[in-house]
Amino acid sequence: MSTTKTPEMEGEVYFPSPQVIEQAYVKDWEALAKRARNDLAGFWAEQAEELEWVQKWDKVLDDSDKPFYKWFVGGKVNITHNCIDRHLKTFRKNKLALFWESEDGKLERTFSYFAVNREVNRMANIIKAMGIQKGDRVTIYMGRIPEIIFAMLACAKIGAIHSVVFGGFSVDALQGRIEDSLSKLVITCDGSYQNGKIVELKRTVDTALKGCASVENVIVVKRTGHEVPMEAGRDHWYHDMCALPIANDKCATEVMDTEDPLYILYTSGSTGKPKAIVHTHGGYMVGTYTTLKYVFDLKDDDRWWCAADPGWVTGHSYIVYGPLLNGATSFMFEGGPSYPYPNRWWQCIERFGITVFYTAPTAIRGLMRFGEAWPNKHDLSSLRLLGSVGEPINPEAWKWYYRVIGKERCPIMDTWWQTETGMFMITPTPTVPLKPGSGTRPFFGQEAEILNEEGRPVPDGEEGYLVLKNPWPAMLRTIYGDPQRYVQQYWSKYPGKYMTGDSAKRDKDGYFWIIGRVDDVIKVSGHRLGTAEVESALVSHPAVAEAAAIGLPHDIKGQAIHVFCLLRSGFTASPELAEELRQHVATHMGPIARPEEVKFVDKLPKTRSGKIMRRVLKARAQGLPEGDISTLEE
């Protein structure tokens with residue numbers, strides 16, 4: 001790639017190399033975008049034709065009961081059939097589907113598509129033996145091991161609805177999700193590993209189930225081998241069940257209606273009960289397949305690594321379903337980026353020849369703290385594309401990622417999407433000119449707008465509410481058990497348009513810049529300032545590794561900016577440095593953005609997916625209750 005400032009485009013722009021353009025699926029972005037814009041149903045029908053259907057749809061999009069949109073109406077399909085079964089009829093039968101490494105690097109496991117099929121069928125037959133039928137809910141609470149993927153695919157195969165709860169969630173969070181979904185079965189592990197320590201998954205399940213009457217059985221996969229209590233009649237070791245005749249490696253794939261639920265996944269807002277987002281077999285399948293293919297340009301010889309956890313939507317869409325739908329080879333790593341040393345990820349990329357790598361800005365900023373020596377110890381030349389997900393990536397981190405990890409030749413796919421959207425919504429493709437910190441433009445078939453409080457579009461360069469104008473196949477269908485909340489939450493503020501809950505702006509080139517959640521916008525003297533912008537300014541200072549900004553009440557300004565900074569090694573907290581950082585922000589963003597106060601901290605409160613919990617900082621600063629902190633890292 002080359003970087004330059006051009007009179008045609010605003011700001012710093014990185015252009016793709018001829019080699020990237022030559023091998024990309026999407027060579028002419030404008031032409032495909034125009035085709036999708038002019039014929040939304042036709043575009044998505046064309047993508048769906050690349051997959052196998054038991055019965056083809058009668059209608060691509062049914063919008064007769066807005067906002068309860070339906071896709072590929074009348075079609076019959078099963079997502080697991082397209083993830084596994086159809087590949088067994090091709091050369092991919094013997095292709096590597098999944099390879100896994102343990103946190104300590106002492107264990108490796110590999111599975112061809114044929115082997116994944118065998119494992120999923122066994123798991124499906126065992127789940128059926130537990131009395132689970134089509135439409136029943138199954139809660140999955142596991143570590144980052146291959147069996148979590150097999151469990152999800154097995155549920156889908158037999159028509160059960162999986163509800164994956166991230167394996168770091170607390171007893172209360174797990175119990176609440178099991179109760180809400182009325183799950184009959186829980187699949188878990190004896191424990192998992194995190195930074196060399198055992199996470200007590202089975203014991204957490206035991207405590208949670210004291211208040212859950214719906215659960216009849218628990219399947220326990222052995223991972224750590226440490227002793228855990230097993231309740232007779234309820235708890236079953238998975239390896240023991242695999243030795244029984246019921247664990248046949250042949251299992252029929254249930255034929256599903258395209259609109260049958262595939263899974264529910266809970267996402268918490270800043271207040272209130274977590275929302276159970278519902279995704280379906282047909283539309284979600286087409287959306288995840290298409291976005292991964294076009295955005296990350298996946299080819300048969302690629303080795304794909306999405307470094308998320310299967311417990312989040314990123315894991316559902318782009319560890320489990322998207323890669324298998326594309327017939328890709330995926331790597332799964334049990335551990336995190338910096339245990340036991342900050343080169344753990346770079347070690348994996350070199351060792352396994354990863355070609356496409358997808359992670360979160362939080363992880364990139366965390367690894368930046370340790371400097372360039374760690375990644376420079378490793379040969380990262382196998383990489384051809386990089387990706388970012390989860391929150392806006394500040395330009396400083398983008399450039400470090402591009403320069404140090406991608407060696408200035410790997411385009412960065414900065415993707416914006418949500419649990420609710422199921423698939424990428426604002427994203428580049430490899431052939432699009434890139435601007436550090438921008439997600440570029442809406443994916444094919446989508447249109448986005450930036451609106452003010454009254455619902456009118458704001459001029460380019462101004463911030464406002466980000467809304468999506470068109471329905472898309474992988475969109476959530478409802479909130480499980482609460483359709484009214486679905487309408488109220490997403491479709492009521494601007495009728496007919498999907499309210500994302502994010503603040504953003506668009507530049508004159510049509511590139512979108514996500515600022516952050518609407519509740520992560522600080523209004524200082526009438527000026528809307530995004531926490532992400534303030535944090536980017538702070539992180540661009542050589543002393544700051546990570547930062548969090550919040551708005552606190554101010555008698556004159558309405559709100560004032562307070563920031564929390566984590567320093568890089570070699571720097572010491574002092575009043576002089578605090579003042580220097582205040583001035584640094586004012587220089588970068590203007591005097592209006594000068595922080596009222598700078599506090600130096602040893603750590604920031606984060607969710608287990610790596611997002612900074614600014615509302616917790618805000619509550620602590622004001623001595624208020626912290627609310628639901630079940631998603632807090634520790």
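Me: How much space lies in the second largest cavity?
Reply: First the idea: on a 1 Å grid over the protein atoms alone, a cavity is a set of points where a 1.4 Å probe fits but cannot get out, and lining residues have an atom within 4 Å of a point. Grid points are joined across faces, edges and corners, and a volume is the space filled by probe spheres set on the points. Here the second largest cavity holds about 40 Å³ of space. Its lining is Val164, Val165, Phe166, Phe169, Arg177, Leu265, Tyr266, Gly311 and Trp312.

Me: Before we go on, what are we looking at, and how is it numbered?
Reply: It's a predicted model, where local features need pLDDT of at least 70 and side-chain atom pairs count only at pLDDT 80 or more, while totals for chains, interfaces and linings use all residues. Residues are numbered from 1 along each chain as its sequence is written, and side-chain values use heavy atoms, with hydrogens and water left out.

Me: How do the residues of that cavity lining divide by class?
Reply: The classes go like this: Ala, Val, Leu, Ile, Met, Phe, Trp, Tyr, Cys and Pro count as nonpolar, Asp, Glu, Lys and Arg as charged, and the others, Gly among them, as polar. For the second largest cavity you get 7 nonpolar, 1 polar and 1 charged.

Me: How many cavities does a search of the whole structure find, and what lines the largest?
Reply: The search turns up 3 cavities of 30 Å³ or more. The largest has a volume of about 50 Å³, and its lining consists of Ala97, Leu98, Val116, Ile149, Ile319, Val320, Leu324 and Ser330. Two elements give two or more residues each: strand E6 (96–101) and helix H11 (313–325). Those labels are DSSP runs numbered from the N terminus: helices are H or I with at least four residues, strands are E with at least two. H11 gives the most, with 3 residues. By class, this lining has 7 nonpolar, 1 polar and no charged residues.

Me: And what about an open space, say the second largest pocket: what is its volume?
Reply: A pocket is an open set of grid points with protein on both sides within 12 Å along at least five of seven lines. The second largest pocket comes to about 760 Å³. Its lining counts 32 residues, with Pro395, Pro436, Trp513, Glu533 and Ser536 nearest its centre. The largest share, 6 residues, comes from H17. This lining splits into 12 nonpolar, 7 polar and 13 charged residues.

Me: In what order do the strands of the 7-stranded sheet come?
Reply: Reading across this open sheet, the order is E14-E13-E10-E8-E9-E16-E17, with mixed pairing. E14 (235–237) and E17 (275–280) are the edge strands, each pairing on one side only. Strand E13 (residues 217–221) pairs with E14 in the parallel sense over 3 bridges, and valine 218 has aspartate 235 in E14 as its bridge partner.

Me: Last one: at what angle do H13 and H15 pack?
Reply: Two packed helices are described by the angle between their axes and the distance between the axes. Axes are lines fitted to C-alpha atoms, for helices over the stretch in contact, and angles run from 0 to 180 degrees between N-to-C directions. Helix H13 (residues 361–368) and helix H15 (residues 395–405) pack at about 75°, with their axes 10 Å apart. H13 and H15 are therefore roughly perpendicular (65 to 115 degrees; under 35 is roughly parallel, over 145 roughly antiparallel, the rest oblique). In contact (heavy atoms within 4.5 Å) are Ile364, Arg365, Leu367 and Met368 of H13 and Glu396, Ala397, Trp400 and Tyr401 of H15. That contact has 6 nonpolar, no polar and 2 charged residues.

Definitions and conventions:
Pairing = 2+ DSSP bridges.
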